[in-house]
2 protein chains.
Amino acid sequence: MDIQQLRYFTAIAKAGSMSRAAEILNISQPALSKVTKLLQEELGVPLIRHVGRQIILTEHGQRLAERSLTLIQDFENLKGEIENRDVSCCKDIKIATFEVFSTYALDFLNHIDWDQKTLTLHEVLPGELEEAVANKKVDVGITYMPVPHPDLEHLKVTSIEMGVFSHPDAFPDLIQNDFPYVVPAMPITGTPSRVRGLDGWPDDVFSRKVKYRVTLLETALELCRQKKAAGFFPAFIVDLHNKNVDKSRRLIRRPGISGCRLVKTDVYIVKRKSDVENQFIKQLAKGIRAVCSPKA
Amino acid sequence: MDIQQLRYFTAIAKAGSMSRAAEILNISQPALSKVTKLLQEELGVPLIRHVGRQIILTEHGQRLAERSLTLIQDFENLKGEIENRDVSCCKDIKIATFEVFSTYALDFLNHIDWDQKTLTLHEVLPGELEEAVANKKVDVGITYMPVPHPDLEHLKVTSIEMGVFSHPDAFPDLIQNDFPYVVPAMPITGTPSRVRGLDGWPDDVFSRKVKYRVTLLETALELCRQKKAAGFFPAFIVDLHNKNVDKSRRLIRRPGISGCRLVKTDVYIVKRKSDVENQFIKQLAKGIRAVCSPKA
DNA sequence: TCATGTTACGTACTACGTAAAGATT
DNA sequence: AATCTTTACGTAGTACGTAACATGA
């Protein structure tokens, strides 16, 4: 038995249903069910009873829920009392990200304890990101295109799957490398039509035709929705995007050629070497993992 | 932060030293050190300070230790209040084991919460063990020589390493299969000198000479100590044995031949199918793993 | 050099996920 | 059929182990 189990159980007691509680707790229903079962086994006492498809608390369950409530309160109070509340922690947290980790992916913020903190978010480009962290303009960065820097370290957080996406009806006759691509508009280092992509496309291995260069991810997606272009995006971004738009505007992955079907890229948190890896960074990492992995 | 971490930290506060606290808590010092570091990171506050090779609590540390104490008390009280205290749980726990899991290996009892319980331990032979569990003469059995039974299930707990052991000076000229073996005295199914061993020796593969048959493990060990015999024992038993006896009487593993050098055998908890796998069984399993694995 | 604490790294357990199968209205 | 829960099983994160290293008496 630990505090977590008590938290879960009181959530069930409050919600009056496992599925609702699981929803509130942001975990899956089976997980919650299992934890509850374990708790009952450990205590050796039934806590909930099933009546039809309702659940009701037994006498023991009611007593546990009641008493847990105050215990959890005490626990949180103690934590709050000791926890560092000085400037360095109550400050305004400043994060620099790729636009990719903004907009659709903002859910990672929900995994962070914002109590006493405020947020500033800067959407920037790869090079700028490292610079901003090094210059202390921001506290941390999130990127999948790391640029090495002597004062910084890149903590690998997870890896994401990249893919070529377009509207299903677009370019039925073309192969992947001949799609008219939309890419991030910026540091162009190649020819006008063959660029080293800022989106992580392996240009050193496969060349592609670039037709559009845009600043905003949303613009790129819109071009794809209009069947004007294809893009090289993280798969989880397109998944999130597809959940937001009308069925007719959803994008699909285009099967690649030349073994380029599935590309995995690492995602990093960028921090100054002089900063310790604190609780906030851990929460941030957890949040990023949760958003990037196709689980929920 | 969870209750466990608070328990660990108060232990440090009470003991005044990490190593002593680790000893009391039955965990390794590095583990405790790490947990403490994590706790400080999470809270963002130093809790202990190193002064020479002493540690002293900071102001925060003192407050946390004090407050934790009552919180832990409350937690335990709540647990105790809900926990099942009726006959079925306050009863006398009856366990049947091989002698192997008795005597030297009794440490597994320390992993069980004996609060409100008493223990009866029966040292029995393989067949008897299953019978005793099935007849409800005992609650569970521990064995590495399972005998299938329709009403019972064998839960695999861990695996142990078996080996041939003798006094280092004994039988320098003989190879393993020609040692005069001491084996458990009982259900003999082979010839007088070639038996199907009750100790798990793979007689179907390798024959051996049996010179002594004894009832008690301790007697077998004594014969080995006197250089009169060799035995096929679980390695962890011999390790524990060697810690208890004088240097001159310690046994060593004899290198085997014919690929029989390292034999692993599974250890099982035997329970009735009709019984649920409760907290007690989990603790028991944990204890057995702790004793059998050469870790501490 | 011993006592004490930390870092590095391996392993095994556990938490939680998805998928699929009961149960109840 | 739709809703709610449990079972089965896979994976990733964490807890704790040992070994090796650092440091003060």
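The model is predicted, so local features need pLDDT of at least 70 and side-chain atom pairs count only at pLDDT 80 or more, while totals for chains, interfaces and linings use all residues. Residues are numbered from 1 along each chain as its sequence is written, chains are lettered from A and ligands numbered from 1 in the order in which they are written, and side-chain values use heavy atoms, with hydrogens and water left out. Helices (H or I, at least four residues) and strands (E, at least two) are DSSP runs, numbered from the N terminus.

**His167(A)**

- His167(A) sits in the loop between strand 6 (152-166) and strand 7 (181-184) of chain A.
- His167(A) counts as buried because its relative accessibility is 4%; buried means under 20% relative accessible area, exposed over 50%, and partly exposed in between (1.4 Å probe, protein chains only).
- Leaving aside residues up to four places away in sequence, His167(A) touches several residues, including Cys224(A), Ser248(A), Arg249(A) and Arg254(A); a contact means heavy atoms within 4.5 Å.
- A polar atom of the His167(A) side chain lies 2.8 Å from the backbone oxygen of Ser248(A).
- Between His167(A) and Asp107(A) there are 25 Å in space, C-alpha to C-alpha, and the two are 60 residues apart in sequence.

**Salt bridges in chain A**

- A salt bridge is a side-chain nitrogen of Lys or Arg within 4 Å of a carboxyl oxygen of Asp or Glu, and the count over all chains is 26.
- Glu222(A) and Arg249(A) form a salt bridge through their side chains, at 3.4 Å from N to O.
- Glu222(A) lies in helix 7 (residues 217-225) of chain A and Arg249(A) in the loop between helix 8 (235-244) and strand 10 (252-253), so this pair ties together parts that are 27 residues apart in sequence.
- Glu222(A) is partly exposed at 22% relative accessibility, and Arg249(A) is partly exposed at 32%.
- A network of salt bridges links Glu218(A), Glu222(A), Arg225(A) and Arg249(A).

**Salt bridges in chain B**

- Arg253(B) and Glu161(B) form a salt bridge, with their closest N and O atoms 2.9 Å apart.
- Because Arg253(B) lies in strand 10 (residues 252-253) of chain B and Glu161(B) in strand 6 (residues 152-166) of chain B, the pair ties together parts that are 92 residues apart in sequence.
- Arg225(B) and Glu222(B) meet in a salt bridge of 2.6 Å, N to O.
- Both Arg225(B) and Glu222(B) belong to helix 7 (residues 217-225) of chain B, three residues apart, about one turn of the helix.
- Arg225(B) is buried at 9% relative accessibility, whereas Glu222(B) is partly exposed at 23%.

How values were computed: Polar contact = N/O pair within 3.5 Å; in protein donor to acceptor, adjacent residues only side chain to side chain.
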